[in-house]
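Visitor: Could you take me through this structure, a bit at a time?
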Amino acid sequence: MKILAISGSLRKDSYNTALLKAMKALAPEHIEITLFDELGQIPLFNPDIDPNIIALKNSLAEADGLFLSSPEYARGISGVLKNALDWLVSGEEFVDMPVAIFNTSPRASHALDSLYEIVRTMSGNIIDTACITVPLLGSNLTAEGIVEDHVMSESIKSAINAFYVGIVNVNNDRQ
């Protein structure tokens with residue numbers, strides 16, 4: 001199974017990116033997690049232009065699922081993540097895509113609620129049992145530190161497994 005992971009933060013030491021990197025490290029062999037690292041190169045959304053966002057669309061089209069993690073800015077998701085999602089609205093790549101949403105700050109509820117609403121509006125299939133909050137705000141943990149933290153790593157492994165089971169169940173229901 002291939003999963004595309006997108007962090008809504010461009011910061012070098014982002015907790016959201018560290019979480020997704022830890023997920024990649026903790027994923028079982030049958031699950032390949034690829035981090036999309038070109039978010040900052042996507043032009044501002046303008047339906048009058050046809051930008052070259054092939055990397056994002058191809059990465060999503062090749063994925064069996066999508067992991068999203070975003071910081072909260074001004075009570076919403078980051079602008080770069082919203083911009084990328086806006087570009088995907090008109091394509092077929094996102095429709096019925098299994099999605100898990102992750103949060104790195106328990107108090108960032110507005111961004112989390114906003115991201116849920118956006119994904120549902122775009123016809124994404126949120127696997128609720130895989131969506132978790134990993135309290136990283138103020139922890140100074142890197143991806144390696146997250147992996148080494150037994151409680152966090154077990155929570156992450158459980159979320160990855162729940163996502164896998166959720167996708168298998170969705171696919172079985174379609175047959």
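Predicted model: local features only at pLDDT ≥ 70, side-chain atom pairs only at ≥ 80, totals over all residues.
Visitor: How many aromatic pairs does a search of the whole structure find?
Guide: The search finds three, where rings of Phe, Tyr and Trp (its six-membered ring) pair if their centres lie within 6.5 Å, and planes under 30 degrees apart count as stacked, over 60 as edge-to-face and the rest as tilted. One of them is edge-to-face, because the rings of Phe67 and Phe102 have centres 5.0 Å apart and planes at 85°.
Visitor: Which parts does that pair tie together?
Guide: Phe67 lies in strand E3 and Phe102 in strand E6 (residues 98–103), so the pair joins parts 35 residues apart in sequence; helices (H or I, at least four residues) and strands (E, at least two) are DSSP runs, numbered from the N terminus.
Visitor: And how are the rings of Phe67 and Phe163 placed?
Guide: Their centres are 4.9 Å apart and their planes at 70°, so this pair is edge-to-face. Phe163 lies in helix H6 (residues 150–174), so the pair ties strand E3 to a part 96 residues apart in sequence.
Visitor: Is Phe163 buried or exposed?
Guide: Phe163 counts as buried at 0% relative accessibility, where buried means under 20% relative accessible area, exposed over 50% and partly exposed in between (1.4 Å probe, protein chains only).
Visitor: Changing topic, which residues are buried in helix H3?
Guide: In H3 (residues 79–88), Leu81, Asn83, Ala84, Leu85, Trp87 and Leu88 are buried, and their cover includes strand E3 (65–69) and helix H4 (109–121).

Methods: Residues numbered from 1 in each chain as written. Heavy atoms only, no water. Contact = heavy atoms within 4.5 Å.
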